[in-house]
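Here is a short report on one protein model. Keep the structure open as you read.

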Amino acid sequence: MPRRRSHDKLARIGLAQGDHADEPRDPRADEYPMPFVPHGWYAVLRSDELRTGKVVSLHYFGRALIAFRGPDGQAAVRDAHCPHYGAHLGVGGKVVDGAVECPFHGWRFGTDGRCTHAPFAARPPKVAIGGFPVREHSGLVFVHTGPAEPSWEVPEVPEATSPDYASPIDDTCHARIHIQEMRENIVDESHFTFIHGQSEPPALELEPDGPFAEVRSRFRRRVLAWDLDNTFDVFMYGPGVMVVRVHGALLSLTAIALTTPVDDRTSEMRMLYYIRKPSRLPFLTPLLKLVFRREALAEVREEVRIWDHKIHQARPILLPHEKGIKALRRWYAQFHPSDDPATPGPTRASDWAAQPSTPPPPRRPVSPAVPQ
Ligand code: FES
Ligand SMILES: [Fe+2]
C-alpha cells in the first residue's frame, strides 16, 4: 500500500478542505497541455522520515516508489516493484546490510538498484530496479526526474538547520491541479487581495536565471488590528522547489514550498514554514506559530478548493498589472519534456542506476477550445 503522507491535521482546528471534493467536476478541470512530470528536482521526504533500516513507501510521478538508506546512510529512492515476480518491496520488505530485501523470495537490491543477492541462485541475476538521482540536504531528500543526469542542483536552505529558526510548521495538501499552476500562484498579483487579505496587489517582477528565478516584492496586510508592511523574496529552484523569505515587524519566516506530481490528476504541495525565533522574546515562538497556523493555513485551503475545480486557461485574460503568470509560464516551459525523439525516456540497462524503469507517462488529452 502506498504510504499516504497527507497529514492534513487541520480538521482538528476546523480548517480542513471541507466537503467540496464531492462536488460535480467538469472534465476539463483535469486537462492540461503540458506533461504532468516536468523535469527537475523534487523533495519527496524530510530526512527524519527516512530512518536507517526502514523501507518507506511513496507514491509520486504516477508510480509506486520506495526509499531506504544504504550501509553508509546514503538515501535511495527507487521503483517499488520487484523485477523477479512483482512484489511491492515496501509491503513487508526490509533492509538487510543496507540493501532492500523482497518479502516474497528474498532477492536483495542495493541503493543503485542492482540485485545483490538471490537465494538458491549461483550468482545474482543481472537485473535492477529503476530509480532516481538523489541528493540530501536542508533536511530534505530530493530526487531528479528527466532523461539525463542533472545539470543543476538545488542550493542549500540554511534556515532549515539554523538554531535561530523554530522547528517547521509542516503542512501538506493535495489538489487536482498541475504543479505549474500551484507555482503560478506566487506571481498571481491580484489573488493576494482576495485570498491573502492584502490591501492591494503587489508589484512583481520575475527575474529568470536558467533553472532558477527570483521575485522580490513588498506587501501590506492587516493582522489583528494592525496594517503591517512586509518584504518577500522568492527563490525558485526548478519546477518543484521554491523558497520564500518574508520579513516584517511582527514576523520573519522562511517557507520551503515543495510541489510534486502525485499522478496525472493530483499534485502535492508540502509547505515547511520556518519561523525566526524573536531574539528578545524567544518564549513567544509557540504563540507566533499558533497565530500563523490559523492565518496562513486556512488561506492555503481556500486556494486548494479553487484549484480543485479550476480549468487551465492557455490564454488567460490578464489585466495590465497582471504580468506574473505570463512571465512564469515562459520560464517554466524549460522543464517540460520535449517531444523530440532524440531525448527519449530511459530504457537501456546502463540507465538502471540513474533513471526510472518505465517510459515517460502520456499526456492528458486536451479538449477542443471552448468559447468564453
Ligand atoms: S517477487 Fe521479489 S523476490 Fe520474488
Ligand atoms: Fe496564494
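## A strand hairpin

Val246 has Leu253, in strand S16, as its bridge partner. Strands are DSSP runs of E with at least two residues, helices are runs of H or I with at least four, and both are numbered from the N terminus. Strand S15 (residues 241-248) and strand S16 (residues 252-261) run antiparallel, joined by 7 bridges. Two strands count as paired if DSSP finds at least two bridges between them. A hairpin of 3 residues links S15 to S16.

Strands of a sheet pair through backbone hydrogen bonds, either parallel or antiparallel.

## About the model

This is a predicted model, in which local features need pLDDT of at least 70 and side-chain atom pairs count only at pLDDT 80 or more, while totals for chains, interfaces and linings use all residues. Residues are numbered from 1 along each chain as its sequence is written, and chains are lettered from A and ligands numbered from 1 in the order in which they are written.

## The whole chain

The protein chain holds 4 helices and 17 strands. Of its 372 residues, 37% count as buried. Buried means 20 or more other C-beta atoms within 10 Å of a residue's own; exposed means 12 or fewer, and partly exposed lies in between, with C-beta atoms placed from the backbone.

Contacts need C-beta atoms, placed from the backbone, within 7 Å. Among contacts between residues at least 6 apart in sequence, 57% join residues at least 24 apart.

## An open sheet

Three strands form an open sheet in the order S1-S10-S9, with antiparallel pairing. Which strands stand at the edges? They are S1 (40-46) and S9 (134-137); each has a single partner strand, so one side of each lacks a neighbour in the sheet.

S1 pairs with strand S10 (residues 140-145) over 6 bridges, in the antiparallel sense. One bridge joins Gly40 to Thr145 in S10.

## The nonpolar core

The largest nonpolar core has 76 residues. Such a core is a set of buried Ala, Val, Leu, Ile, Met, Phe, Trp, Tyr and Cys residues joined through C-beta atoms within 7 Å. Val44, Ile66, Ala67, Val77 and Val141 have the most contacts inside this core. Strand S17 (residues 267-275) gives the largest share, 6 residues.

Leaving out residues up to four places away in sequence, Ala67 touches several residues, including Leu45, Val77 and Val141.

## An exposed loop residue

Arg315 sits in the loop between helix H3 (285-309) and helix H4 (324-332). Why is Arg315 exposed? Because 8 other C-beta atoms lie within 10 Å.

Key
Contact = placed C-beta atoms within 7 Å.
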